[in-house]
Amino acid sequence: MKKTKISLLFSVMFWLFFFNNLLAQRKMITPEFLQKGDTVGILATARKVDLASLQPAIKLLQSWGLHVEIGKTIGKEDHQLAGADWLRATDFQEMIDNPKIKAIWAAKGGYGTVRIIDRIDFTQFQKKPKWIAGFSDVTVLHSHLNNMNIETIHSFMALNAGTAQPQVIESLRKALFGEKLQYQMPAHPFNKKGKAKGEIVGGNLSVLYSIMGSKSEINYKDKILFIEDLDEYLYHIDRMMMNLKRNGYFEGVKAVIIGGMTSMNDNEIPWGKDALEIIQDVLKDYKFPIIYNFPAGHIKDNRAMILGKTVNIEVNEQGSTVKFE
């Protein structure tokens, strides 16, 4: 009897240790927030961009008391891209390994980050993470780094600094300097009421779809999923959403947040629903809370979010609230 109790005790201790260890492994890492005097790097992981277009971003960072280092990819071109794959990978590698640089801000999106992601060695970065900021094609980096338990910032690109709205700019400043983020949105007829708490993940729907099955794909289970998109055919939105549904990605999520679904295209024979109606139709049978028209994505009101951070959301008749812990 005594041996049985001792065996049971050791068994309980083992499983407690096992589950605690699992929780410890999954704990998200928050890079150090910026302070005046820090240096931010601006580079292009995807499409080409010239230095003149980035002057508003440089001035903005300097107005926050920050120094700026311009990447080797700025001003370079290889057809659509900001230089060859090896150059964009080298530029990114040097910046993530440079201890002087405390954050990296993507200059422009488009397409191309997925072409360099497997060339990057994140060994040093994991030891001393720094903020990576951007959106759209940068979703590849957001997802890849989420798998390394590192938080990132979903924000407007450096190229857009000259036209970004004041509240958008302020949201990025708050995210970089460690001030709390909280957003309130008016009610939307498709919203689904409820409360949820969890780690927010996601980004551009097309990019998330394109990295499914790769090592950059994120785990959606027990997460709050954010999606947005631009310039897609409406039936493409339906196809991507149906793929996520059929593969069970929505089964384990705690909530879904829909950002901008902008400048969609239709065929000569109309699809019959707009992007939000397509999403609402796919998600209508799920019980988790859903927020529509969240201010993020390819829209003027593109507020910053810390992906990988735990958020609390509430959706009711008056509207919805998203609070970052």
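**Entry 1: His154**

I began with the surroundings of His154 and, leaving aside residues up to four places away in sequence, I found that His154 touches Gly134, Phe135, His142, Gly203, Phe226, Gly297, Asn302, Arg303, Ala304, Met305 and Leu307. I noted that His154 sits in strand 5, which covers residues 152-154. Is His154 buried or exposed? Its relative accessibility is 0%, so I wrote it down as buried, the cut-off for that word being under 20%. I also looked up Glu325, which is 171 residues away from His154 in sequence and 16 Å away in space, C-alpha to C-alpha.

**Entry 2: confidence**

I reminded myself that this is a predicted model, and I looked up its confidence before going further. The pLDDT averages 94 over the chain, and 92% of the residues score at least 70. For residues 12-25, however, the pLDDT is below 50, and I found that this stretch has one contact in the model beyond near neighbours in sequence.

**Entry 3: helix 8 and helix 9**

I then turned to helix 8 (residues 234-246) and helix 9 (residues 275-283), whose axes come within 9 Å and cross at roughly 20°. Why do I call helix 8 roughly parallel to helix 9? The crossing angle makes it so, since angles under 35 degrees count as roughly parallel. I recorded the crossing of helix 8 past helix 9 as right-handed. On the helix 8 side I listed Leu234, Ile237, Asp238, Met241, Met242 and Lys245, and these meet Ala275, Ile278, Ile279, Val282 and Leu283 of helix 9. Sorted by class, this contact between helix 8 and helix 9 holds nine nonpolar residues, two charged ones and no polar ones.

**Entry 4: Glu277**

I next looked up Glu277, which has its place in helix 9. With 31% relative accessibility, Glu277 counts as partly exposed. Not counting residues up to four places away in sequence, Glu277 touches Phe190 and Gly272. I also checked Asp238, which is 39 residues from Glu277 along the chain, and I noted that their C-alpha atoms are separated by 9.8 Å.

**Entry 5: positive phi angles**

Most residues other than glycine have a negative phi. Which phi does Asp231 have? I read a positive value of about 55°, although Asp231 is not a glycine. Asp231 lies in the loop between strand 8 (223-230) and helix 8, and at 47% relative accessibility Asp231 counts as partly exposed. I found a positive phi of about 50° for Ser263, which is not a glycine either, and I placed Ser263 in the loop between strand 9 (255-262) and helix 9.

Note on methods
Residues are numbered from 1 along each chain as its sequence is written. This is a predicted model: local features need pLDDT of at least 70, side-chain atom pairs count only at pLDDT 80 or more; totals for chains, interfaces and linings use all residues. Side-chain values use heavy atoms; hydrogens and water are left out. Axes are lines fitted to C-alpha atoms, for helices over the stretch in contact, and angles run from 0 to 180 degrees between N-to-C directions. Helices (H or I, at least four residues) and strands (E, at least two) are DSSP runs, numbered from the N terminus. Angles under 35 degrees count as roughly parallel, over 145 as roughly antiparallel, 65 to 115 as roughly perpendicular and the rest as oblique. A crossing is left-handed if the near helix is turned anticlockwise from the far one by less than a right angle, and right-handed if clockwise. Contact means heavy atoms within 4.5 Å. Ala, Val, Leu, Ile, Met, Phe, Trp, Tyr, Cys and Pro count as nonpolar, Asp, Glu, Lys and Arg as charged, and the others, Gly among them, as polar. pLDDT is the predictor's confidence in each residue, from 0 to 100. Buried means under 20% relative accessible area, exposed over 50%, partly exposed in between (1.4 Å probe, protein chains only).
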